[in-house]
Amino acid sequence: MDLNLLLARWQFGVTTVYHFLFVPLTMGLSVLVAILETLYVRRGDMAYRKLAEFFGRLFLVNFALGVVTGILQEFQFGMNWSDYSRFMGDIFGAPLAVEALLAFFMESTFLGLWIFGWDKVSKSLHAASMWLVALGTTLSALWILTANSFMQEPVGFVLRHGRAEMVDFFALLGNPQLWVEFPHVIFGAYATAGFFVAGISAYQILRGHHPDLFVRSLRLGVLFAAVFSLLVVVMGHAQAVHLVSAQPMKMAASEALWKTSPDPAPWTLFAIPDSANQRNYLEIQIPYALSLLAYGRLSGSVPGIAELQQQAVARYGPGDYVPPVGVTFWSFRIMVLAGVLMLILGIYGAVLMWRKRDLGARRGFLRLLVWAIALPYIANTTGWLMTEIGRQPWVVTGLLKTANAVSPTVSALDVGLSLGLFTLLYAVMAAADVYLTLKYVRLGLESTEAEAAPVVGVEPGVGV
């Protein structure tokens, strides 16, 4: 592989994985903070206000990091992927413009009102501002995924002068890929926030810090974790069914399925793929399971990599159309394993709540919830790796190869230097994020109480 292309792909992977650590949490956490504040407004219970302020502070730390890392993403498109930008500009422009002008504008405006509006605007208006922040983050995700869905499954365009030009804006919004990908991402974001709130609340209860208050956010977090972990699985299955017809090579690579499967198709639980010899070692298979995953029934064979490669050569000309099988195969399985553990923990917690058991007294379960904060992050990251690496060698499926999308005039040295700079910068920001998050978690509710308390003996405007 060309060194310039290799470094550009590494830079995109590093910066995007880092950016995607913050996005799902902020999308989901905005909704949970809005719910906590709404409970405060409706019931007049200060406990919910304290919880909304506490988790709102953690939301702000992660939101700020998400914005900064997102800006670098757009910078990258222009620097390292100029041929991609020329090819996709007409398609990418409209969704990203709407995202910036509508969704991000809404998020920023009402987030400012929420930060500075405590006790200055009515309680209802203040709570509504966080709901509008949550709506803005959801709309932002919709427009970003509209653009990404085109890269997975191009619709509503014509090829003219070597560029993809949009002819039907509503076809982009009606893209079938969008309507399996968007709910999957949103439900994953809500599950991420559910485990985050449940895990932080469990930690506070274990250390004896306001357990009577944090048990309320614990219940809300567990409920979110259970409901949305289940919905993530449901939408994941819908996405897999769509994948068989829309991107069969990605499905075959995620299964390390070198030859077309028998009917019914078994699902490979474990294997060591050998791409050089196109075979697997130490396979452990579950009968019927791949047919069920791919078609939602116990019959049907799934096309293999060899057959799909021949079809691609016949359609697109000579070339290698097989994505990195090992990474696609294992990222899919790690995502599934993390998702199953999330579902088991969430359902177990929901059953305890349904049987009216005291969640705050289950110390073993509380310790598990603290560690389980990592599970959705693992699932989100490996899911994204499977989605994007499984599409290779295409950056826009069937239209533009990744090798033809990289900037031809930017040297490998330039890309290497910027990769090193971004990696270092991101490491510093990661350290800052971890420091601030741990600081506010350890301070607990005292951090919000200290800021809310009046300073005795000091008049406004008088310096100390």
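**Exercise 1.** Determine in which helix Ser254 lies, and decide whether Ser254 counts as buried or exposed.

*Solution.* Ser254 belongs to helix H9, residues 248–254; helices are DSSP runs (H or I) of at least four residues, strands (E) of at least two, numbered from the N terminus. The model is a predicted one, in which local features need pLDDT of at least 70, side-chain atom pairs count only at pLDDT 80 or more, and totals for chains, interfaces and linings use all residues. Residues are numbered from 1 along each chain as its sequence is written, and side-chain values use heavy atoms, with hydrogens and water left out. The relative accessibility of Ser254 is 1%, so Ser254 counts as buried (under 20% relative accessible area; exposed is over 50%, partly exposed in between; 1.4 Å probe, protein chains only). Beyond its neighbours within four places in sequence, Ser254 is in contact with Thr328, Phe329, Phe332, Arg333 and Met386 (heavy atoms within 4.5 Å).

**Exercise 2.** State which residues of H2 meet H7, and how the contact divides by residue type.

*Solution.* On the H2 side the residues are Pro24, Leu25, Met27, Gly28, Leu29, Val31 and Leu32. Their counterparts in H7 include Val185, Ile186, Ala189 and Tyr190. The residues of this contact divide into 13 nonpolar, 3 polar and no charged (Ala, Val, Leu, Ile, Met, Phe, Trp, Tyr, Cys and Pro count as nonpolar, Asp, Glu, Lys and Arg as charged, the others, Gly among them, as polar).

**Exercise 3.** Describe how strands E1 and E2 are joined.

*Solution.* E1 (residues 157–160) and E2 (residues 163–166) run antiparallel and are joined by 4 bridges; pairing requires at least two DSSP bridges. Phe157 has Met166 in E2 as its bridge partner. Between the strands of this hairpin are 2 residues, and His161 takes a positive phi near 55°.
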